[in-house]
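Please walk through this model from its overall form down to single side chains. Keep the sequence and the structure side by side.

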Amino acid sequence: GGSTDQGIIYKSNSPDGIWKDAVAVEDNWQGGQMESLITDIAVDLESKPHISYVGAKPSIGNEDTKYAYKTAGQWHDTIIDNGEFAGGFNSIATDLNNKTHIAYLHSPSGEVRYATNADGSWETHMLDTNTGWGDECDIGTDTLGYVHIVYTKEHKLYYVTNKPPTPEPEIYVSPKSIDFAIRAVGDTTEAKKVIIQNKGNANLQINDISLVWNDSIHFTITNN
């Protein structure tokens with residue numbers, strides 16, 4: 001790292017509990033709109049720090065979404081996505097393979113974006129649109145490697161994940177109701193069919209089918 005007079009500064013008491021001297025994550029860092037200089041940090045399973053932040057191109061002032069990591073005592077930084085004068089909220093997480101995942105609110109598009117190097121090179125995906133000033137996001141990974149992201153938009157909280165939905169049964173009944181009309185005492189009607197289907201992706205277990213209204217003694221159920 002370079003000068004600690006400005007920019008993104010890193011300070012740690014790892015691994016012995018003694019605080020070390022502060023170091024600059026990026027040499028010659030520049031910023032633009034100070035209210036939007038958001039940063040976040042994650043530590044992988046090898047105790048290596050990873051940081052997401054925003055920074056400006058020299059002499060231009062546009063705040064790009066950036067990423068830095070430390071290895072062998074040196075910091076390395078890269079641009080994840082181009083920005084404009086004001087940066088956006090960002091959050092970072094690492095997974096069980098020590099790969100990096102970043103959620104961020106891109107400026108000026110207002111998009112919620114997700115970037116990862118899980119496959120080796122950086123890939124960026126758009127998750128949502130129309131976020132505004134003051135919106136935030138957070139990201140985490142679970143023990144199976146799936147990514148979970150929450151973010152705000154229009155005063156509401158949203159959640160997105162790449163984890164497949166849990167298999168669930170879905171009962172479907174057709175028709176929804178049947179009508180036997182008015183019958184004389186002792187008159188027997190023809191049977192009417194009700195079909196029960198499982199349209200879900202997990203087994204459906206039916207333990208009982210019964211008639212529960214007051215006149216149910218006048219009806220019978222057969223299973224075919």
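What follows goes from the fold to the loops, then to charges, rings and the surface.

This is a predicted model: local features need pLDDT of at least 70, side-chain atom pairs count only at pLDDT 80 or more, and totals for chains, interfaces and linings use all residues. Residues are numbered from 1 along each chain as its sequence is written, and side-chain values use heavy atoms, with hydrogens and water left out.

Start with the whole chain. It has 15 strands and zero helices. Both are DSSP runs numbered from the N terminus; helices are H or I with at least four residues, strands are E with at least two. The radius of gyration is 29 Å, well over the 17 Å that the globule rule gives for 224 residues, so the chain is more spread out than a compact globule. That radius is taken over C-alpha atoms, and the globule rule is 2.2 Å times the number of residues to the power 0.38. Along the principal axes, the C-alpha atoms fill a box of roughly 100 × 40 × 30 Å. Of the 224 residues, 30% are buried. Buried means under 20% relative accessible area, exposed means over 50%, and partly exposed lies in between (1.4 Å probe, protein chains only).

Val150 sits in strand 12, residues 147-153. Val150 and Arg183 are 33 residues apart in sequence, yet their C-alpha atoms are 59 Å apart in space. Val150 counts as partly exposed because its relative accessible area is 32%.

Now turn to the backbone. Ser14 and Pro15 are joined by a cis peptide bond, with omega about 5°. Pro15 belongs to the loop between strand 1 (9-10) and strand 2 (23-24). The bond from Ser107 to Pro108 is also cis, and its omega is near 15°. Here the loop runs between strand 8 (100-105) and strand 9 (112-116), and Pro108 lies in it.

Positive phi values come next. Ala72 is not a glycine, but its phi is positive, near 55°. Ala72 is placed in the loop between strand 5 (63-71) and strand 6 (74-84). With a relative accessible area of 76%, Ala72 is exposed. Glu154, also not a glycine, has a positive phi of about 50°. The loop between strand 12 and strand 13 (156-161) holds Glu154. Its relative accessible area is 52%, so Glu154 is exposed.

Which charged side chains pair up? Side chains of opposite charge can pair when their charged atoms come close. A salt bridge here is a side-chain nitrogen of Lys or Arg within 4 Å of a carboxyl oxygen of Asp or Glu. By this rule there are seven salt bridges. One of them joins Lys20 to Asp16, with the closest N and O atoms 2.8 Å apart. Lys20 is partly exposed at 31% relative accessibility, and Asp16 is partly exposed at 47%. Glu46 and Lys48 meet at 3.3 Å, N to O. Lys48 is partly exposed, at 30%. Glu111 and Arg113 also form a salt bridge, with the closest N and O atoms 2.8 Å apart. Glu111 and Arg113 are both buried. Elsewhere, Glu26, Lys66 and Asp77 are linked in a network of salt bridges.

Next, the rings. A pair of aromatic rings is described by the distance of the centres and the angle of the planes. Rings of Phe, Tyr and Trp (its six-membered ring) pair if their centres lie within 6.5 Å; planes under 30 degrees apart count as stacked, over 60 as edge-to-face and the rest as tilted. The count comes to four aromatic pairs. The centres of Tyr67 and Tyr69 are 5.8 Å apart and the planes meet at 20°, so this pair is stacked. Tyr67 is buried at 4% relative accessibility, whereas Tyr69 is partly exposed at 32%. Tyr67, Tyr69 and Trp122 form one aromatic cluster.

Lys199 lies over the face of Tyr172, 3.7 Å from the ring centre. A charge sits over a ring if NZ of Lys or CZ of Arg is within 6 Å of the ring centre and within 35 degrees of the ring normal.

Finish at the surface. Ile171, Ile178, Val194, Ile196, Leu204, Ile206, Ile209 and Ile221 form a nonpolar patch with about 650 Å² of accessible area together. Patches are made of residues with over 30% relative accessible area and no salt bridge; like charges are joined within 9 Å, and nonpolar side chains (Val, Leu, Ile, Met, Phe, Trp, Tyr) within 5 Å. Accessible areas come from the Shrake-Rupley method with a 1.4 Å probe; for residues, only the protein chains shown count as cover. Ile178 is located in the loop between strand 14 (171-174) and strand 15 (195-198). At 37% relative accessibility, this Ile178 is partly exposed.
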